[in-house]
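This report describes the architecture of one protein model, from its loops to its domains and ligand shell. Please consult the sequence and structure shown here while reading.

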Amino acid sequence: MAELKAFVCGHPIAHSRSPKIHGHWLKRYDIDGSYTAIDVAPGDFGAFIGGLSAAGLRGGNVTIPHKEAAFAAVQRRDEAAEQIGAVNTVWLEDGVLWGGNTDAYGFAANLDHLSPGWASTGDVAVVLGAGGASRATIHALKQRGFTDIRIVNRTVARAVELADQFGDGISAHPQAATAELLGDASLLVNTTALGMHGNEGLPADPSTLPDHAIVTDIVYVPLETPLLAAARARGLKTVDGLGMLLHQAVPGFERWFGRRPEVTAELRKLIVADLDA
Ligand code: ATR
């Protein structure tokens, strides 16, 4: 059989950890395949995505700034992509170009892995931020049965737009309401860039959360963000965002290379070392 070929495309792309993740799995499962980072400028995306089959590519990941263009370019979409309005994974199936979104899966799988039972600790979640990552998170929370999802955003209008789009049980709030909103929440999720290296800051004060609450961040550089540090100091359970990156890669790998890979401690160590480098 010919070598199985997949890619990640974005612009810029040099910072992507995906080649390390997929490269590790290809080696571990002894698969005759490759996964390559390709820098595709915004004006070239249409031609690139239209030429996958001719280039012998089975599919790949799509990252910033192409996720919305990919949503428009694919012929069929999975349910998560439809809900989130962005495509991060594409694959060819019987000549049809499919687009999916694995971020919501990655978010939930990370919590399943590191905090089993997380979705049955209550119905109330507070989500900080109203961008693309927030959409993926809200989709996952709805699927996992949260019935009261409170979006807090600096720009309230963006939160209102998201709440309207997702419908029943989703509400929008200004940052000033956060302390009160956290009082009966069992999960707090940060999807803003606040807390990332170079953008240090606390997106919310976790002190008013109940004792059983779980706090998670989609930021993973640093692994322990100021939010997670504050939550841990307060005695709360915390889950860092690196696992979301690792788990979101699983469904794509399985589609292109035909084997469902495992997120192991070894893989996590490898990527942590890369982040520290
Ligand atoms: P992504 O697709 O990664 O979620 P995005 O669409 O740029 O990125 O959204 C970034 C989120 O972080 C937004 O919710 C943004 O708030 P605004 O909608 O008000 O811009 C939030 N964010 C970024 N920097 C912030 C800051 N300094 N303080 C508060 N929120 C911030």
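Asp94 lies in the loop between strand 5 (89–93) and strand 6 (96–100); helices (H or I, at least four residues) and strands (E, at least two) are DSSP runs, numbered from the N terminus. The model is a predicted one, in which local features need pLDDT of at least 70, side-chain atom pairs count only at pLDDT 80 or more, and totals for chains, interfaces and linings use all residues. Residues are numbered from 1 along each chain as its sequence is written.

Asp94 has a phi near 50°, a positive value in a residue other than glycine. Asp94 is exposed, because 5 other C-beta atoms lie within 10 Å; a residue is exposed with 12 or fewer such atoms, buried with 20 or more, and partly exposed in between, C-beta atoms being placed from the backbone. Asp30 also has a positive phi, near 55°, and is found in the loop between helix 1 (18–28) and strand 2 (33–39). Asp30 counts as exposed, with 8 C-beta neighbours inside 10 Å.

| Residues joined | Omega | Loop holding the proline |
|---|---|---|
| Ile64 and Pro65 | about 10° | between strand 3 (59–62) and helix 3 |
| Val221 and Pro222 | about 5° | between strand 11 (214–217) and helix 9 (226–233) |

Helix 3 (residues 67–73) contains Lys67, where UniProt, in an unreviewed entry, places the feature "active site". UniProt positions are given in the numbering used here, feature names are shortened, and annotations may be inferred rather than shown by experiment. Lys67 is buried, because 21 other C-beta atoms lie within 10 Å. Leaving aside neighbours within four places in sequence, Lys67 is in contact (C-beta atoms, placed from the backbone, within 7 Å) with Val62, Ala86, Val87, Asn88 and Gly132.

Gly132 is also one of the closest residues to the ligand, together with Gly131, Arg154, Thr155 and Thr192. The ligand is surrounded by 14 residues, a residue being near a molecule if its C-beta atom, placed from the backbone, lies within 6 Å of it. Helix 6 (residues 132–143) gives the most to this shell, with 3 residues. The shell divides into 4 nonpolar, 8 polar and 2 charged residues; Ala, Val, Leu, Ile, Met, Phe, Trp, Tyr, Cys and Pro count as nonpolar, Asp, Glu, Lys and Arg as charged, and the others, Gly among them, as polar.

The protein is divided into domain 1 (4–101 + 249–276) and domain 2 (105–241), with bounds from an automatic or database domain assignment. Their C-alpha centres lie 26 Å apart. Between them, 11 residues of domain 1 are in contact with 8 residues of domain 2. The largest share of the domain 1 side, 3 residues, comes from helix 4. That side divides into 7 nonpolar, 3 polar and 1 charged residues.

The largest nonpolar core holds 76 residues, among which Ala125, Ile151, Ala185 and Leu188 touch the most other members. Such a core is a set of buried Ala, Val, Leu, Ile, Met, Phe, Trp, Tyr and Cys residues joined through C-beta atoms within 7 Å. Helix 5 (residues 103–114) supplies the largest share of this core, 6 residues. Domain 1 and domain 2 both give residues to the core, so it lies between them. Leaving aside neighbours within four places in sequence, Ala185 is in contact with Val124, Ala125, Val126, Leu209 and Ala213.

Technical notes:
Contact = placed C-beta atoms within 7 Å.
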